[in-house]
Amino acid sequence: MAMAAAWFLVLVVTGLGLARAGPVATAKPASTGRGCDIGKFKSLPPTEWKALKKAKDALENSLKILSCSFCLFPRNWELTQLQVWERPVALEAELALTLKVLETMADLSLRNILDQPLHMLHYIHSKLQACISPPPIAGPRPSGRLYHWLHRLQKAPKKVSQNCLESTVTFNLFRLLTRDLNCVARGDLCI
């Protein structure tokens, strides 16, 4: 009887210790919302990349200016600097601005080339929106980095010319779809 009580106590203490250890990283991205299936965007199909490359080349050829002094997407900006639950929020804002700018660029001469990439970006955006949940009531608060980034994206259309926005968004497109989208798709495994 004493031996059974001792084993029971060992199991309870071990269980409490494991419960306090915190979450263990899983191979699946954090699913924060209903219908959240962002994990499938760890890599895009080759046909999408081909259409995207063709569109990016056409956009670069149509740009009136190739660079501007305003750096909307700094090179040192990494989603890994944010808390895991903040990353989809930042990516969603980045993608929303990208869509807005690209849609204004989609004039008649670029419409055929941009149709497939815009459709893909809208699809990713809709799936990403399903993954965004409100910030936790208890626990971590949004970081100052997230607030700064969202504020910067929101103010950009008012601060810089349309040509500058077009240039910045075009040159950031591959980073958005390779590094940022992949990081959000990997969830807590993106470090």
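**Exercise 1.** Does Phe174 count as buried, partly exposed or exposed, and at what relative accessibility?

*Solution.* Start with the cut-offs: buried means under 20% relative accessible area, exposed over 50%, and partly exposed in between, with a 1.4 Å probe and protein chains only. Phe174 has 21% relative accessibility, so Phe174 counts as partly exposed.

Two notes apply to each exercise. The model is predicted, so local features need pLDDT of at least 70 and side-chain atom pairs count only at pLDDT 80 or more, while totals for chains, interfaces and linings use all residues. Residues are numbered from 1 along each chain as its sequence is written, and side-chain values use heavy atoms, with hydrogens and water left out.

**Exercise 2.** Describe the make-up of the protein chain and the confidence of the model.

*Solution.* Helices (H or I, at least four residues) and strands (E, at least two) are DSSP runs, numbered from the N terminus. By this rule the protein chain has six helices and zero strands. Of its 191 residues, 39% count as buried.

Next comes pLDDT, the predictor's confidence in each residue, from 0 to 100. Its mean over the protein chain is 74, and 71% of the residues reach 70 or more. Over residues 1-33, pLDDT stays under 50.

**Exercise 3.** Find what Lys56 touches.

*Solution.* Lys56 lies in helix H2. At 11% relative accessibility, Lys56 counts as buried. Contact means heavy atoms within 4.5 Å. Leaving aside neighbours within four places in sequence, Lys56 is in contact with Thr170, Phe171 and Phe174.

**Exercise 4.** Locate and classify the aromatic pair.

*Solution.* Rings of Phe, Tyr and Trp (its six-membered ring) pair if their centres lie within 6.5 Å; planes under 30 degrees apart count as stacked, over 60 as edge-to-face and the rest as tilted. A search of the whole structure finds one such pair. Trp49 and Phe174 form it, with 5.6 Å centre to centre and 15 degrees between the planes, and the pair is stacked. The pair links distant parts of the chain: Trp49 in helix H2 and Phe174 in helix H6, 125 residues apart. Trp49 has a relative accessible area of 23% and is partly exposed.

**Exercise 5.** Decide how enclosed helix H3 is.

*Solution.* H3 has 19 residues and reaches 27 Å from its first C-alpha to its last. Of these 19 residues, 15 are buried, so H3 is largely enclosed by the rest of the structure.

Key
The expected span of a helix is 1.5 Å times one less than its number of residues.
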